[in-house]
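Please look over the sequence and the model shown here. The paragraphs that follow lead through the chains, the contact between them and a few single residues.

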Amino acid sequence: MMGQGRFAAWGVGLAALVALPFVYRDPYHLHILVLILIWSFAYTSWSMMGRFGLVSLGHGGFMGIGAYVTALLWNHAGLSPWIGIPISMAAAGALAMIVGYPCFRFRITGHYFVLVTLALSGIVLQVITATRDYTGGSLGYTPNRASGNRLLALQFDDKTTWYLIALAVWLFGIVVWHWVDRSMARYALEAISEDEDAAAAAGVDVTAEKLKITLLSAVMTALAGAIYCQYQMFITPDTVSGIAVSLQMVFAAIVGGLFVSLGPTVGAIITILLAETLRIGFGTKAVGWDNLVYGVLLVLFIIFLPKGILGSLLDRLKLQRKVPRAHEQKAVQVARPGA
Amino acid sequence: MGMQAFLDVFDIYLLEAVINGILLGGVLALLALGLNLIFGVIDVTWICYAELVMIGMYGMYFMVQYYGVSYFVAAPLTILLVAVLGAALHYLVIAPLLTAPPINQLLATGGVLFVLQSFATVAFGIDFRNLGIRLPVLAFGDMNFSYARLLSFVAALVGMVAVYLFMTRTFTGTAIRAISQDRQIMALMGVDTKRIYLITSALGGALAGLAACLLVLQYDVHPFVGLSFGPITFLICVLGGLGNFIGGFIAAFVFAEIISLGGLFSDLEWGYVLAFAFFIVMMFIRPAGLLARRR
């Protein structure tokens, strides 16, 4: 439950974010901000199921479907993204159901679940590459420039417009995150992630609960892919799909912190700024260096800071702010090394 | 008459595809064995397994093509190199995380995947490279088989038999099998689990190295080559039952046939897609793996 103060903080923060492009107009910095917002939304979508122990490495597949289905429908069928995006989201949702149902129904969890979803994103990449006559394969794909109505084609040259769209989408992701956080589903899913049998015995419909959150997460990830495609106007299988993108989502969410609403956003800020800094720092020779540093950092993070930067920071702040009462002390001590 | 001629040609192609599938199955089975070994003994999944193979392929490429080392000298060196890499991976990344949640171990190896891919990009560039060895094609009747595939199949079988003998005939192998059955008890019985884990990781690495020596004969190497056979290896291991050696072996051949026969009708990529569809169907029928006992 949000207190008065936090509401005010959110309001001021949002107002500042909305006002920003009207005050500050540097196109490069706005571009970075748009990228951060879109990827933050994708990472938030991933963390919706990731926080309940449903570690999916298949989200690169959902993102790729969102981007490619929207672009293909626009180029080949002339369907406006306003219709194409819902179709692409439905396609990603359907795929999530097809893979998710047997996984959840037959208790495929842990390693098995990760490997199945990992294969899913690999296969989506293969399909995009295999249908190169339509998708351009690994060379990438460009949605046709709109000749008529810009709004209908969801194509804008103006960075400010894109910034506001990305901000709205990102905010939508945060709102959904809080909505799930406050719903009954959260308790059900937390119970499931602790002990499936016990949750089932307590009357939780394990399969249905997992399917619902997976559907939500997959559909939102597809939206992120479609928005990314509309903004960049160029997609390749490697940038929106496949195992690398899936891993990138998991990493950013973990770096930022899985269990707080702004964690994935912080993860996106850190990882994108890091990648940009490395890219500019190394110049054109940097191909690969950013990911090298990225990968090393990730391994170090998982070993030394499994709660993520924001999560650990919040923990530290909470501990400083209030001295735990006697009956809480034990719980706090147990909670800290457990991460 | 035309129909008959069509059928004759079709059968030959079909048979050729079936046999090529069996030959592909050998290498896939080798890959699955390595991953299953690590999982069965240490209870960890190396997401970056195919990337170890990729590093091995680069090792082969540079030794043979750049330094002019003979293939048969370079192969054992590559196997050794990847074995050392496997042991290092365990020592540096997995060992500190042994008590962490399994997901963390898995993601850490995912981080290693990133590191290996980008290391290869930085060090070797993104060009496709090949050994430049073109092995002859064996004509058998109207069918053509590449020697590279035959050699890979035989070498993969020899590798698997060697692992089998090591596991059943040596003390260390017996200890490895014992640990995979009960991790806690063996430590109490005086088996040095740390040492066994390190040996197993080196062995898993060595199998990846052997696979690298064989795959480099048939495929070009580039930093992302692991992505083309990594996912299929994971599917094989899940379908066979993680940690189940025989299940993985059979599943490898089933998948190889699907890929090979699927590729007969269209591109190889569609073979992969078909294999994935088959996998989803199999999950409904046998969710605990091919060889799981019926409950």
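**Two chains and their contact**

Among contacts in chain A between residues at least 6 apart in sequence, 75% join residues at least 24 apart. The model is a predicted one. Chain A is built from 17 helices and zero strands. It has 339 residues, of which 45% count as buried.

Chain B contains eleven helices and two strands. Read from the N terminus, its elements follow the order α-α-α-α-β-β-α-α-α-α-α-α-α. Its radius of gyration is 20 Å, close to the 19 Å that the globule rule gives for 295 residues, so chain B is as compact as a globular protein of that length. The C-alpha trace of chain B spans about 75 × 55 × 35 Å along its principal axes. In chain B, 52% of the 295 residues count as buried. For contacts in chain B between residues at least 6 apart in sequence, 77% link residues at least 24 apart.

How confident is the predictor? The average pLDDT of chain B is 83, and 90% of its residues score at least 70. Among the elements of chain B, strand S1 (residues 137–140) has the lowest mean pLDDT, 71, while helix H3 (residues 71–94) has the highest, 94. For the complex, the predictor gives an ipTM of 0.76 and a pTM of 0.82.

Next comes the place where the chains meet. The contact takes 39 residues from chain A and 39 residues from chain B. On the side of chain B that touches chain A, the elements that give two or more residues are helix H4 (102–124), helix H9 (226–240) and helix H11 (268–285) of chain B. H4(B) supplies the largest share of that side, 17 residues. By type, the residues on this side of chain B are 29 nonpolar, eight polar and two charged.

Because 15 of its 15 residues are buried, H9(B) is largely enclosed by the rest of the structure. Just after H9(B), B:Gly241 takes a positive phi of about 95 degrees.

In soluble globular proteins, nonpolar side chains tend to be buried together. Here the largest nonpolar core has 198 residues, and those that touch the most other members are A:Ile38, B:Leu28, B:Met57, B:Ala211, B:Leu235 and B:Phe255. Helix H8 (residues 193–218) of chain B gives the most to this core, with 16 residues. What does B:Leu28 contact, leaving aside its neighbours within four places in sequence? Its partners are B:Ile232, B:Thr233, B:Ile236, B:Ala252, B:Phe255 and B:Ala256.

Two loop residues remain. Most residues other than glycine have a negative phi. A:Leu154 is not a glycine, yet it has a positive phi of about 50 degrees. A:Leu154 sits in the loop between helix H7 (150–153) and helix H8 (159–181) of chain A. B:Asp43, also not a glycine, has a positive phi near 65 degrees. B:Asp43 lies in the loop between helix H1 (2–42) and helix H2 (49–66) of chain B.

Are these two residues buried or exposed? A:Leu154 has 22 C-beta neighbours inside 10 Å and therefore counts as buried. B:Asp43 has 16 C-beta neighbours inside 10 Å, so it counts as partly exposed.

Notes: Residues numbered from 1 in each chain as written. Chains lettered and ligands numbered in written order. Predicted model: local features only at pLDDT ≥ 70, side-chain atom pairs only at ≥ 80, totals over all residues. Contact = placed C-beta atoms within 7 Å. Helix = DSSP H or I, 4+ residues; strand = E, 2+ residues; numbered from the N terminus. Nonpolar A, V, L, I, M, F, W, Y, C, P; charged D, E, K, R; others polar. Buried ≥ 20, exposed ≤ 12 C-beta atoms within 10 Å, placed from the backbone. pLDDT = per-residue confidence, 0-100. Rg over C-alpha atoms; globule rule 2.2 N^0.38 Å. Core = buried A, V, L, I, M, F, W, Y, C linked by C-beta atoms within 7 Å.
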